[in-house]
Amino acid sequence: MENKRIYLSSPTMHGEEQAFIQEAFDTNWVAPLGKNVDEFEREIAEYVGVNHAAALSAGTAALHLAVKLAGVRPGDIVFCPDLTFSATVNPVSYENGKQVFIDSERDTWNMDPEALRAAFRKYPECRCVIVVNLYGTPAKLDEIRAICDEHGAVLIEDAAESLSATYKGVQTGTFGQYNAISFNGNKIITTSGGGMLLSDDEMAVKKARFWATQSRDPAPHYQHSELGYNYRMSNIVAGIGRGQLLHLGEHKALKKAIYERYKAAFSGLPITMNPYPDCSDPNFWLSCMTVDPACPVKPYDIIDRLAEANVEARPIWKPMHLQPIFEHCDFISVADTPVSNDIFARGLCLPSDIKMTEEEQNRVIDIVKSFFE
Ligand SMILES: *Cc1c(COP(=O)(O)O)cnc(C)c1O
């Protein structure tokens, strides 16, 4: 008999989503904006602890508007994380800025503050930094923000993967002047697709909403003084989000239990789970592992064997400085060999789907363990 497929991270719906959508139908607020959008913005802003939020069609749209708000102009350098999904850094190119990639540190896998300092020594003119909280683990956000402040640079936080994670007791998505979260299908909560821009700066969020609705000047006829975008979230999609938000805490607890079970099962083996410091409480969006350096097992050996057993696993994000599209970009590291390359070479993402049963997770664990016996 074919084994039931185990997913990396698939949507988990509860029922309330449907009620919010029904309300939108009943009041014919199917499009464009409406009560669900307004309420979802308010609810997320309150949950995260920011003053203002703009609901958008994607996390990538939020990052794009953040880059615009940061004032990035053609030719401007933006320091970006090297180890991340390309959506973190693509918006810099939308504005014709120049990415300079910053290596990771080993404690959180995120932007290395020491490498960031080195980057400012080389490019003191840089005025914008994007930081990411990879796989739901907060970066060294205090240190990074202090370095940005020292250099008068705007910090953008890509919290797409880390909604509900905290750093020193404070929610991620609040550390940048502008912050992005995502409700893409595989994230900890999902609206099928969507995102939000978060900020304490009311004028900035108003400006983002203006750009996101085609930059219509306040005139009765259609008049435009600025380039516009169609980036707003629909009222239907926001309804899904409102229903999901009711279950965010539960999703986080389930994700953590998955991580803890992997960690316990792999203790004593040459495997290390994705690390996090005591001061942070990740959301454990994806459980990841690295094979210890001396061990000859390669991530693809494990990923391929899992695939044969109908289990979805995935490599670590391929570092940006190794991407053909970003070949021309500079890369700053203070390590002998880049930390990002090393994590990529030795790591993989394990199934972290919250509908996965303990028996199913044991199937995954047994396959991984079989490589080390
Ligand atoms: C998912 C993701 C994004 C983009 O979000 P979308 O809603 O898919 O556009 C950006 N950055 C990171 C790190 C992500 O994982």
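**Entry 1: salt bridges**

I started at the boundary between domain 1 and domain 2 and counted two salt bridges there. I kept in mind that this model is predicted. Next I looked up a salt bridge in detail: lysine 122 pairs with aspartate 330, and their closest N and O atoms are 2.7 Å apart.

**Entry 2: polar contacts and who provides them**

Helix 5 gives the most, with five residues. I also sorted this side of domain 1 by class and got 22 nonpolar, 15 polar and 11 charged residues.

**Entry 3: stepping back to the domains**

I noted where the two parts lie in the chain: domain 1 covers 16–245 and domain 2 covers 248–372. Taken over C-alpha atoms, the centres of domain 1 and domain 2 are 25 Å apart. In contact with each other are 48 residues of domain 1 and 41 residues of domain 2.

**Entry 4: buried area**

I reminded myself that the size of an interface is often given as the accessible area lost when the parts come together. What area is buried between domain 1 and domain 2? I wrote down about 3800 Å², with carbon and sulfur atoms giving 62% of this area.

Conventions:
Residues numbered from 1 in each chain as written. Predicted model: local features only at pLDDT ≥ 70, side-chain atom pairs only at ≥ 80, totals over all residues. Heavy atoms only, no water. Domains from an automatic or database assignment. Contact = heavy atoms within 4.5 Å. Buried area = accessible area lost by both parts, 1.4 Å probe. Salt bridge = Lys/Arg side-chain N within 4 Å of Asp/Glu carboxyl O. Helix = DSSP H or I, 4+ residues; strand = E, 2+ residues; numbered from the N terminus. Nonpolar A, V, L, I, M, F, W, Y, C, P; charged D, E, K, R; others polar.
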